[in-house]
Amino acid sequence: LIGLGRPPEVRYRRNDVTPRLQRVLDALDPTPATIRTAIWDVVAWNRAATAMLMDYAALPPKDRNILRFTFLDPRSRTVQYDWEGVARFVMGVFRADIARTGAMAEAETLVEELCELSPDFRTMWRENDVRGSHGALVKRIRHPVLGPFAFEYSAFSVEGRTDLSLVIYNPATPEDAAGIRSLLDGERPPA
């Protein structure tokens, strides 16, 4: 009965990713990929993620948070086909991640901020939905250049860093992959 009723051991660290892990992300081009922390700060990404998801380098580090984008940035509602479904998924997985990694104390300020600034966040937070993230699903977006786009979304724990997740947005079709390649090469995307 050891550990019964105790919170998980705190395993959350806020370190940068290693150069080796960045090289893994870069090798995944033209597939968008990111590394996120347990509190959903995006700490590393590849060129395809910049082209297809967001230019994280152009944002202050505080704004590289997926929950802040989902609940506070109006662009999130524009690019998502099912914003509410995505927001509920994000909320449920976020809850699971902070519990799994022992990052509840680190998440407290973010949760307070989002509860204050977003009525949708506040409502969903109170619902206490928890979901697992490691697995696969399809994410649909409206890309400003390529138009409707579908990714097979998969998230994986980073070995030796349970506080980090590798998130891969695999293009759903060969045509989608070709569209990303053309964006990365600076060409006009195929029609």
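Helices, of at least four residues, and strands, of at least two, are DSSP runs numbered from the N terminus. On that basis the chain reads α-β-β-α-α-α-α-α-α-β-β-β-α along the sequence, with 8 helices and 5 strands. The model is a predicted one.

Of the 191 residues in the chain, 47% are buried. Among contacts with a separation of 6 or more, 59% join residues 24 or more positions apart. The chain exposes about 10,300 Å², and 54% of this area is supplied by carbon and sulfur atoms.

Ala 38 sits in the loop between β1 (33-37) and β2 (42-45). Because its relative accessibility is 2%, Ala 38 counts as buried; the cut-off is under 20%. Ala 38 is 60 residues from Ile 98 in sequence, while their C-alpha atoms are 5.6 Å apart.

The largest pocket has a volume of about 720 Å³. Its lining comprises 35 residues, of which Phe 69, Val 79, Gln 80, Lys 139 and Ile 141 are the closest to the pocket centre. The elements α2 (47-52), α3 (66-72), α4 (74-79), α5 (83-101) and β3 (136-143) each contribute at least two lining residues. The largest share comes from β3, with 7 residues. The table divides the lining of the largest pocket by residue class.

| Class of lining residue | Number |
|---|---|
| Nonpolar | 19 residues |
| Polar | 7 residues |

Conventions:
Residues numbered from 1 in each chain as written. Predicted model: local features only at pLDDT ≥ 70, side-chain atom pairs only at ≥ 80, totals over all residues. Heavy atoms only, no water. Buried < 20%, exposed > 50% of the residue type's maximum accessible area, 1.4 Å probe, protein only. Contact = heavy atoms within 4.5 Å. Areas by Shrake-Rupley, 256 points an atom, 1.4 Å probe, with all protein chains shown as cover. 1 Å grid on protein atoms, 1.4 Å probe; cavity = no way out; pocket = protein on both sides within 12 Å on 5 of 7 lines; lining within 4 Å. Points joined across faces, edges and corners; volume = space filled by probe spheres on them. Nonpolar A, V, L, I, M, F, W, Y, C, P; charged D, E, K, R; others polar.
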